[in-house]
Every structure is written in structure tokens, then in C-alpha cells.
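Here's a quick tour of one protein model, going from a single side chain out to the whole chain. Have the viewer open and follow along.

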Amino acid sequence: MGVAGLFGTGNFGNEATLTAALERLGDEHEVVVIAEGAARVHSDRGVPAVALSTVVAPRPGSKWVRLAVLARNRIGVLLRAMKVLGGLDAVVVAGTGTWERYGAGPFALTYELWALALAAKVRRRPFLLWNIGVEVQDRVMARWFIRRSAAWADYRSFRDVESLRAMRQMRAALDSDPVVADLAFGFAADGAPSGSGGGGREATVIVGVMTYYGLADDPKTNEDVQGSYRRGTTELVRELRRRDYGVVLVGGDEDDLRTAVDVRDSLADDAVRVDTVGTVAGLTELMTSASAVVALRYHSLVMGALAGAPLVGIGIAYGQKQQSLMTMLGNPERVRHVESFQVNEVADLVEDAIADAAGRERAAAAVADAAARLEEEWIHVRTALRRGRG
């Protein structure tokens with residue numbers, strides 16, 4: 001059984017998704033993870049893992065030389081997918097922002113998933129898209145790869161309504177395809193901490209940051225976007241301190257921690273600290289004792305929801321998933337845009353969330369419902385895996 005996705009790259013939320021998938025699939029199948037970060041997945045988890053390609057390093061020479069190198073690499077990906085599928089009985093694309101636009105082109109993960117889908121079709125193996133995140137792709141070739149991959153899938157489900165809507169807009173899904181929940185909500189069924197959001201002995205707000213370079217995720221051209229976000233976050237932390245909250249800065253990816261350290265160092269305040277915990281269990285446990293969580297990354301908000309903490313979302317420019325998540329949790333008004341949020345307004349939302357006991361109850365009910373829907377869906381996933389191609 002192959003489990004494919006954005007794994008082994010240091011993104012804590014994606015690793016939570018992989019954990020949830022392995023907990024489900026590992027009881028009944030011998031799992032091989034198919035991911036760019038295969039070596040790290042194997043080292044961290046002790047499960048077999050393979051990568052379909054190596055990273056294509058920039059080469060000197062003309063445009064045609066670079067295209068030839070890329071074409072050879074991508075042909076190798078397809079051949080590798082055919083070989084890998086020969087040793088598997090199925091392949092499942094598990095959660096994550098599988099077809100989001102942020103920092104991705106048509107010949108990166110989108111192409112690799114198409115290669116897996118084609119290999120599964122040729123070898124008559126089940127191919128499943130399991131609660132994935134999607135956005136409408138701007139590039140014609142990316143949309144074509146997505147349509148073909150989806151058409152060959154034996155099962156499709158999505159983590160939110162916006163993902164299904166995006167797939168339908170690209171003519172890659174049916175109205176009957178189910179919207180379930182993000183796979184990370186499966187942790188709620190396994191005894192994840194459930195905090196009251198009361199704040200414990202000290203009123204502390206956890207601020208989840210990101211090393212954010214805009215839609216293109218390009219440090220060379222968007223350093224000003226990162227600088228503006230970092231300054232805005234610094235001022236938000238300063239305002240929370242003015243209101244007598246302690247602040248803990250966390251990341252949702254290893255690379256985020258350098259932004260967290262920059263913010264902390266610029267304030268030089270002992271009541272502002274950086275916590276480097278890098279697992280979903282550790283972050284969820286940390287958030288259990290928080291008065292509130294303000295987060296930019298989607299899965300940082302999911303972890304806060306699992307912890308039962310009052311949440312405020314900073315919606316990101318590459319999609320509506322934070323807004324969708326907060327709507328699902330029953331508090332849609334507590335989201336502001338990452339590139340235009342007002343510091344005082346966000347701080348006010350934090351205080352409103354802390355005081356809103358009914359809002360916490362709505363969120364807790366939504367988390368429990370998400371876990372129940374994942375449990376129910378598992379029956380259909382198992383059926384699709386057994387059915388195969390006939």
C-alpha cells in the first residue's frame with residue numbers, strides 16, 4: 001500500500017496528516033510512503049519510503065538545455081512511478097494541500113501525482129484521493145494533470161467545501177463527491193488533549209507564525225512581503241503584551257522558527273518566548289493551556305481546535321482554507337487577511353474569543369463531528385481499497 005503526499009519536508013501539519021493516515025492504514029496494510037522527503041520519513045518513522053525523483057538543480061546554459069534536463073527528470077518520474085506501483089496493491093493520496101497553488105508549478109507535485117495515477121491505471125491498482133485540499137490552478141497544464149488524475153481515481157473526498165468547489169470548477173469532481181474533514185481531526189478520536197481555553201495560571205496567547213513570501217513563495221522577489229508580515233506580527237505581539245498577555249511564538253514548519261526568533265529578538269521581552277516543539281502532539285498539548293491561539297498556518301489552527309483553545313485566524317493570500325476552517329468551527333468572523341490585518345482589531349478578536357464560552361462549545365462540537373465523519377468515511381475508503389480495478 002502506497003501513501004503519497006507532501007511528507008518529510010518539516011511541515012508539522014502534513015506530518016500530522018501522515019500520522020493519521022498511518023494509524024488508519026497501518027493496521028491492515030504494509031505501508032510504503034511516497035514523498036519528496038522519503039529519506040526523512042524513513043529515518044523519523046521507520047517505515048519504508050520512496051521518492052519518485054530527485055530535485056532538479058539549476059543548470060547553466062540556454063533555456064532549451066534547462067528544459068531538456070527537466071524533461072529527462074520528469075520522464076524518470078513516470079518510469080519510477082510505474083516501477084513503484086508494480087510492488088504495491090494500491091496508492092492513496094492522503095490529505096494535505098495536494099493541489100494548492102502556493103509555491104507549486106504544474107511539473108512538481110501535480111505532475112508526480114498524475115504519474116502515480118497513470119501508473120495505477122496501467123497496473124490496475126486502486127488510486128484514492130482521500131480528503132485532499134485543492135485550489136483552482138491558473139495554468140492549463142496543471143488543470144489537465146489534475147483532471148486526468150481525478151478521473152482515474154477510484155475514490156475522491158475533500159477536506160472542505162472550497163476544495164470540492166475548486167475541483168468542480170476545473171471539471172475534476174462530481175457534486176456527489178463527499179466533503180468530510182481534514183485527516184488531522186482524526187486525532188480528536190484518539191484522546192488528544194481538550195483544553196478549556198481558560199489560560200491556566202497565566203494568561204498566555206500562542207501566536208503561530210510563518211516565514212511567508214506571498215503567493216509565489218519566492219524569497220528573491222517577495223522579501224518585502226515577508227518583511228511587512230514580520231513587522232505586523234511584531235506589532236501584534238507588542239499589543240498583546242500591552243494588554244498583559246504572555247506570548248509564546250510557534251511555527252507550523254521548521255522554517256517558520258527563524259521568523260519566530262526574529263520577532264522575539266526584536267522585542268527583547270522576557271514574557272515573549274519561542275517554543276520549538278515540532279510535533280502535532282506537542283503543539284496540541286502546548287495549546288491546551290493557552291488563553292487563545294492566533295495562527296496563520298491552517299494546521300496550527302487545527303491543532304488549536306483539537307486542544308479546545310479559542311482561535312483567531314490570519315487568512316493567507318493563497319486560499320480560503322483558514323476562513324473555511326473557522327466557518328466549520330462556528331466562528332467565521334474571527335479571520336483577518338495576512339497582508340492587511342490591523343493589530344488592534346486582531347487583539348480585540350483575541351479578547352472576544354477568550355470571553356466567548358458559547359464559541360468554544362460550538363468549536364468543540366464541530367471537532368467531535370469532524371472526528372465522527374472521518375470514522376464513518378473509513379468504511380468507504382476500505383471498500384474502495386478492496387474493490388480495485390475491474
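## Thr98 and its surroundings

A polar atom in the side chain of Thr98 lies 2.9 Å from the backbone oxygen of Gly95. That's a polar contact (a pair of N or O atoms within 3.5 Å; within protein, one must be able to donate a hydrogen and the other to accept it, and residues adjacent in sequence count only if both atoms are side-chain atoms). Before going on, note that this is a predicted model, where local features need pLDDT of at least 70, side-chain atom pairs count only at pLDDT 80 or more, and totals for chains, interfaces and linings use all residues. Residues are numbered from 1 along each chain as its sequence is written, and side-chain values use heavy atoms, with hydrogens and water left out.

You'll find Thr98 in the loop between strand 4 and helix 4 (109-122); helices (H or I, at least four residues) and strands (E, at least two) are DSSP runs, numbered from the N terminus. Thr98 counts as buried because its relative accessibility is 4%, where buried means under 20% relative accessible area, exposed over 50% and partly exposed in between (1.4 Å probe, protein chains only). Setting aside residues up to four places away in sequence, Thr98 touches Val93, Leu109, Leu113, Ile132 and Gly133, contact being heavy atoms within 4.5 Å.

## Ser149 in helix 5

Next stop is Ser149, in helix 5 (residues 140-151). With a relative accessible area of 0%, Ser149 is buried. Neighbours within four places in sequence aside, Ser149 is in contact with Trp99, Leu113, Trp114, Ala117 and Phe127.

## Rings

Rings of Phe, Tyr and Trp (its six-membered ring) pair if their centres lie within 6.5 Å; planes under 30 degrees apart are stacked, over 60 edge-to-face, and the rest tilted. That rule gives 9 aromatic pairs. One of them is the tilted pair of Phe107 and Tyr111, 6.0 Å centre to centre with 35 degrees between the planes. Phe107 is partly exposed at 36% relative accessibility, while Tyr111 is buried at 7%. Tyr212 and Tyr229 make an edge-to-face pair, 6.2 Å centre to centre and 75 degrees between planes. This pair links distant parts of the chain, 17 residues apart: Tyr212 is in the loop between strand 7 (204-209) and helix 7 (223-242), and Tyr229 is in helix 7. Both Tyr212 and Tyr229 are buried.

Ring pairs also join Phe107, Tyr111, Trp114, Trp144 and Phe145 into a cluster.

## Helix 13

Helix 13 (residues 357-387) has 31 residues and should span 45 Å at 1.5 Å a residue; its end C-alpha atoms are 46 Å apart, which agrees. The expected span is 1.5 Å times one less than the number of residues. At the start of helix 13, a side-chain oxygen of Asp356 comes within 3.3 Å of the backbone nitrogen of Ala358.

Buried residues in helix 13 include Gly359, Ala363, Ala366, Val367, Ala370 and Leu374. Among the elements covering the buried residues of helix 13 are helix 1 (12-25), strand 5 (127-132) and helix 10 (298-307).

## The whole chain

Zooming out, the protein chain has 13 helices and 12 strands. Of its 390 residues, 56% count as buried. Among contacts between residues at least 6 apart in sequence, 72% join residues at least 24 apart.
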